[in-house]
Amino acid sequence: MATNKGDINDGGAESFLTLGPDNSVTVRYHPDFGPHSDLILLEVPDDSVLNDLLRGRVTIRGQFDEDAVLCTPSSTYAMKFVGTSNSVFLIPPGNPNLSDPQPNPLVSVLKLAPGNVELVLTAPRLDKLRFLLMQRLYKIDEEDEEDCSSEGLYTWHDLICSIQASDEELREGLKFLSAVEINGFWRIVHPKSVNMILTMVLTNSVLHDWSLDALVEEEVLSVLESDGFNTTIVKHCLETFGTKNENDNSKLWGLDKKRIAVHFAKQVLGSNGGKMRLEIFIEKWMRNVQKGTPFDLNMLEGEVLYETIGAETWIKAFSVADLPLTPDARFSVLFKERAKWAWKDLEPYVRDLRVPGISSEGLLIKYTRRVQPNADAEPIFSAR
Amino acid sequence: MEIKVKCNCGVENCSEWAILELQGVVESQPSIANQIQGLEIGRLCCSSSSSQVNYTFTVGYHELSGTKVSLKKPLLVLKKNKQEEGSVSNNEVDLEVIGIIRHKILFKNRPKAIISRPQVKDKKASD
């Protein structure tokens, strides 16, 4: 007798589970017994995920050529089907005797489960995010240009459907890339445009005698807007280079000297791979950075590498933010850049790596070979 | 693509399903072929001795003994639904939580052969 599968309520799970001593029950194949391949068993690793699942806060994300991942609001899990050689008989809830009255109590098995899906906590797959958002960098005069298509532009919803990460991890990924939402699309601002706006803010600060520790948001936005700059982008610049203090009525921003110093260092050196003699770099850097702004080379940790060529020291742009996020790809790029790394040079380029279930030492053991000639010498890392 | 995992039962009202698990395979007489719907598999009995509650499952002329086990990690029963024609989302399927399994009765000991009571309908294939 066919039943609406949405309400299978005649399996007898309760009488099965509450069967007491000196009682017995007949177990039979359900009248609808069959493969029921639309029924899947999902193993839930902990109460937090269980709660999210029962409250409908879980989604499955991925493209057809990717392995699907399960996302709670804050975490990402790989889905792995694990088979079993045992016979696992699935018993639905409800009372079989109602629909099929029998003298004796009855339990009906609906399906033989071939196994279940396991969830494995995994790092969000965010390398694709940078790739997508780099397709069309936002330039300041963009609106004036002919091309008004939305090709290569991604809304939040587009990103959710393409990126295998939870909402929270996706937001963090966007923040890490300094992305900003403009007209509903998430964009990375072109470095030249970023530089133009930051320079305008700094120049105006001198002109209007603004304090860089306490920029008044309204004032900055209105002055730059009258110069033709989109307020969303100017605000994003404040967010990228500063921190907000909510103080009485006006919103105040304090610019971070280190972030500004790093920005101008990158301007001087050019993008990854750009290099020059250290003395020349320092001279140019000092010229760019605001007077009175303290700076030192330690601020550039994780942004530059030093090479000795002959008797000279050269400095080269190499930013950790531009490197892949997955450990195998990251170490591959690092060892392509340099075959051997001293720990103090390597550390800024690996400290952000996060893989659930593996510690940073574990990552080093897995992906590098470590050589330490004696206890006093510094350890040297090379590719496995 | 994003597939939402729906749950209409909520935290409190999730229907409890159950599992009977044994090692090996249950087979029917060849004459039955695939017409096993409604067919009896066996009889499940419960008994208790000093500390434990034991279960005995008799299938054909085999007797299995087992215990009830609480799952350290519960299982959820999910149902894949094909989207109806003309639905809003452009996915072809959605998923719904329709039940939870927290306990199973597991038979993992070697079956004992009962010689005196051969059943006609079913036989159990031993591992």
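Select R61(A) and E2(B): these residues form a salt bridge, with the closest N and O atoms 2.8 Å apart. The term denotes a side-chain nitrogen of Lys or Arg within 4 Å of a carboxyl oxygen of Asp or Glu. Across the interface of chain A and chain B, the rule finds one salt bridge.

The model is a predicted one, in which local features need pLDDT of at least 70 and side-chain atom pairs count only at pLDDT 80 or more, while totals for chains, interfaces and linings use all residues. Residues are numbered from 1 along each chain as its sequence is written, chains are lettered from A and ligands numbered from 1 in the order in which they are written, and side-chain values use heavy atoms, with hydrogens and water left out.

**The interface of chains A and B**

Next, display both chains. In contact (heavy atoms within 4.5 Å) are 56 residues of chain A and 53 residues of chain B. The two chains bury about 5000 Å² between them, 64% of it on carbon and sulfur atoms; buried area is the accessible area (1.4 Å probe) that two parts lose on being put together, summed over both. On the chain A side, select L17(A), Y29(A) and L54(A), which lose the most area to chain B and together account for 15% of what that side buries.

Helices (H or I, at least four residues) and strands (E, at least two) are DSSP runs, numbered from the N terminus, and two strands pair if DSSP finds at least two bridges between them. I60(A) has I3(B) as its bridge partner in β1(B). From β1(B), move to strand β7 (residues 93-107) of chain B, which runs parallel to β1(B) and is joined to it by three bridges. Here K6(B) has E96(B) as its bridge partner.

**A hairpin in chain A**

Select strands β8 (residues 179-182) and β9 (residues 185-188) of chain A, an antiparallel pair with four bridges. V180(A) lies opposite R187(A) of β9(A). The two strands form a hairpin with two residues between them, and N183(A) in the turn has a positive phi of about 55 degrees.

**Helices α9 and α10**

Select residues 231-241 and 257-269 of chain A, helices α9 and α10, whose axes come within 8 Å and cross at roughly 105 degrees. Axes are lines fitted to C-alpha atoms, for helices over the stretch in contact, and angles run from 0 to 180 degrees between N-to-C directions. The contact involves E239(A), T240(A) and F241(A) of α9(A), together with R259(A), I260(A) and H263(A) of α10(A).

**The sheet β16-β18-β17**

Finally, select the open sheet of three strands in chain A, ordered β16-β18-β17 with antiparallel pairing. β16 (340-342) and β17 (368-371) stand at the edges, each with a single partner strand, so one side of each has no neighbour in the sheet. From one strand to the next, the twist averages 30 degrees. Four bridges join β17(A) to the antiparallel strand β18 (residues 380-383) of chain A, and R370(A) has F381(A) as its bridge partner in β18(A).
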